Amino acid sequence: MIEKNFEGVSVRWVIALKGEAEEIIKNYAMKRVATTPFPVYKNKDLDMWLILSGIGQLNAVAATSYLYVKSDASYNTIWINFGIVGSRNFKVGDLIQIDKITSIDFQDNYYPSPSAFKNNNIERCNLITVNKPEKLFENDGAYDMEGYGFFSFAKKIAPYELVSVLKIISDAPGTDLSKIDKHRVEILVSKKIQFIEKVLENLLDLQKILFLQLRDPKYFDEICLQKKFTFSQKVTLRKYLTQWQARFPLRNPLEEIGQRMTASQILKKFSDNLLR
Amino acid sequence: MVDTIYAEDEIIGTKKAQEIISKFRHAKVTSIKRFGEVFNPSNQNFRIQKTNPALILAKKQKGFVLDAPKGFGIGDQNNYYFSHMYNCLYDCSYCFLQGMYNSANYLVFVNYHDYQNEIAKTIKKHKEEKITFFTGYDCDSLAMEPITNFINDFVPFFSRYKKALFEIRTKSVNNTVFRKHDPLANCIVAYSLMPEALAQILDKKAPSVSARIKNMKYLANKGWRIGLRFDPLIYCSNWKAQYAELFANIFKEIKEENIHSVSFGSLRFPKSFFNKLLQYYPTSEELSFLRSNDKGIISYDQSIENEMNEYCRLELMKYSDARKFFSCG
């Protein structure tokens, strides 16, 4: 399960329909926090949100961008598109993780990062995003209606490695689509929930690596509060404080700062100390 | 090792691509149009990718042979480098590749013949002039040899061009390929070295320095010519004693006559590379001594650089002819 005390946890689910989302909402104890323009759910303790996008690529992009703003998602956020798909290559109920995404409308292809697949033993598959439910399944792979739109936006707001598309096979050639109802989908998802958790845990491990890279060095906020630094001075300060921590882990840089020192004098002082 | 292979449609059916793919029976192979689709997108994180790098097989389209940077060389007036591969099996903390590329995936260009044609043309252009070709700067060719067979293909190729030097820069102790071929007088196996204690911290996943020295000795005894590369020189609290010990250990094992050249240069990066590295390794003491100089390069203070270069030069002169010494930058 998710370490609640780890401050970097940040997860967003983008799922087309309630039936597909129900087990995720339950499993991660999320409650509805908005109804329009898209239903949005949130866990009360964790920075974990879920949005019901509706069907289709446009809805997927709109919902992802809406949730990005609404939830104030940081760059270091995990984005997962989850849902049901059809395929001629897998059995109904199989969970698959997507490693290539194509669209019948666009030339560019997307490739979710292999870092996200490590050690989870979940079958991998390419995804073909189409504009209406697929019945013929002429090509190998899984067919959906949201994945491409979702990924094309999510990769701009988060690192590739934290964006994942996860699907469950709900239909194969010859399946009567009218029989895939909400209840049946919920059962399919509930049977795979432990594997879905595993995928998320792996992504959380990657998120930790990034969190440690992105956080400000110790004392950065305190020093910025004491004196006025320009943007470029803040960049330099961040660099010097990072180096300071590595070189003088036991020396508090605040003690080097005299009351009347300007921002430039503070930077000069740090620089001189770090020279040797 | 590799569980994902991306292969360009154009080369996936070639003998070389199939030979490489066959070595990873459990890997998932995904076809791609061009390697840039996977390798180039921004917003990728090198360090995260390093946890599970994929292998990309591609065709190099142009830029097979490139001019070496000015001032870089081991004695010849014409210096070139070529890269059949980007990224490395090892994970050295100071490696500039982390700053240069968005992706940590291993990218291998499989059209070796195109490289060889361009190299042959370049040699022809310089006729009787001395010329050196460097490899192993954007990857460690020897470390990946069991997969790529690069050296196995290029040693016979360079045996046809005696006037052209071929340098293989490495940290690998894999010597299988050198046992398969007779020593080549115009091939230098150049080892990147640093004091053992520093290497234990910085040269992650690479063989220990003592193992590298042992392998150099083995190759030298077989008749291969050895290059010593102290690049980068790393500044730390007791660097003088550490480097003195390293030099003594090397020359205790290897005869001076087997050394083709010795080169050294201190740690330096373009600014953008350094900023990424500092983000990846915020607790690195080694990076904490670096500063931006007036040319926009991040390096040690000039006085540190001069002191290190001078000390290492004098120390190495105890063991080797100074005419074999070259600067790396």
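The crossing of helices H1(A) and H4(A) is right-handed in this predicted model. Helix H1 of chain A spans residues 18-27 and helix H4 of chain A spans residues 182-190; the two pack with their axes 8 Å apart and at an angle of about 40°. Since angles under 35 degrees count as roughly parallel and those from 65 to 115 as roughly perpendicular, H1(A) is therefore oblique to H4(A). On the H1(A) side, the contact is made by Lys18(A), Gly19(A), Glu20(A), Glu22(A) and Glu23(A). These residues meet Lys182(A), Val185(A), Glu186(A), Val189(A) and Ser190(A) in H4(A). By residue class, the contact of H1(A) with H4(A) comprises 6 charged, 2 polar and 2 nonpolar residues.

Chain A is divided into two domains, with domain 1 covering residues 11-214 and domain 2 covering residues 220-274. A distance of 43 Å separates the C-alpha centres of domain 1 and domain 2 of chain A.

Strand E2 (residues 30-34) and strand E3 (residues 40-43) of chain A run antiparallel and are joined by 4 bridges. Within this pairing, Ala34(A) stands opposite Val40(A) in E3(A), and the hairpin from E2(A) to E3(A) passes through 5 residues. E3(A) is also joined by 3 bridges to strand E4 (residues 48-52) of chain A, again in the antiparallel sense. Here Lys42(A) lies opposite Trp49(A) in E4(A). The hairpin that connects E3(A) to E4(A) runs through 4 residues.

Between the chains, 26 residues of chain A are in contact with 27 residues of chain B. On the chain A side, the elements that supply two or more residues are strand E6 (95-103), helix H5 (193-214) and helix H7 (231-247). H7(A) gives the most to this side, with 6 residues. The chain A residues that touch chain B divide into 11 nonpolar, 8 charged and 7 polar.

In chain B, 5 strands form an open sheet with mixed pairing, in the order E2-E1-E3-E8-E6. Its edge strands are E2 (28-32) and E6 (85-86) of chain B, each of which pairs on one side only. Inside the sheet, strand E3 (residues 55-58) and strand E8 (residues 106-109) of chain B pair in the parallel sense over 4 bridges. Ile56(B) stands opposite Leu107(B) in E8(B).

Another open sheet of chain B consists of 3 strands in the order E15-E17-E16, with antiparallel pairing. The edge positions are held by strand E15 (268-270) and strand E16 (291-292) of chain B, each pairing on one side only. E16(B) is joined by 2 bridges to strand E17 (residues 297-299) of chain B, and these two strands run antiparallel. Arg291(B) has Ser299(B) as its bridge partner in E17(B). Helix H12 (residues 271-280) of chain B packs on this sheet and touches E15, E16 and E17 of chain B. The direction of H12(B) makes about 105° with that of E15(B).

Key: Residues are numbered from 1 along each chain as its sequence is written. Chains are lettered from A and ligands numbered from 1 in the order in which they are written. This is a predicted model: local features need pLDDT of at least 70, side-chain atom pairs count only at pLDDT 80 or more; totals for chains, interfaces and linings use all residues. Two residues are in contact if their C-beta atoms, placed from the backbone, lie within 7 Å. Ala, Val, Leu, Ile, Met, Phe, Trp, Tyr, Cys and Pro count as nonpolar, Asp, Glu, Lys and Arg as charged, and the others, Gly among them, as polar. Two strands pair if DSSP finds at least two bridges between them. Axes are lines fitted to C-alpha atoms, for helices over the stretch in contact, and angles run from 0 to 180 degrees between N-to-C directions. Angles under 35 degrees count as roughly parallel, over 145 as roughly antiparallel, 65 to 115 as roughly perpendicular and the rest as oblique. A crossing is left-handed if the near helix is turned anticlockwise from the far one by less than a right angle, and right-handed if clockwise. Domain bounds come from an automatic or database domain assignment.
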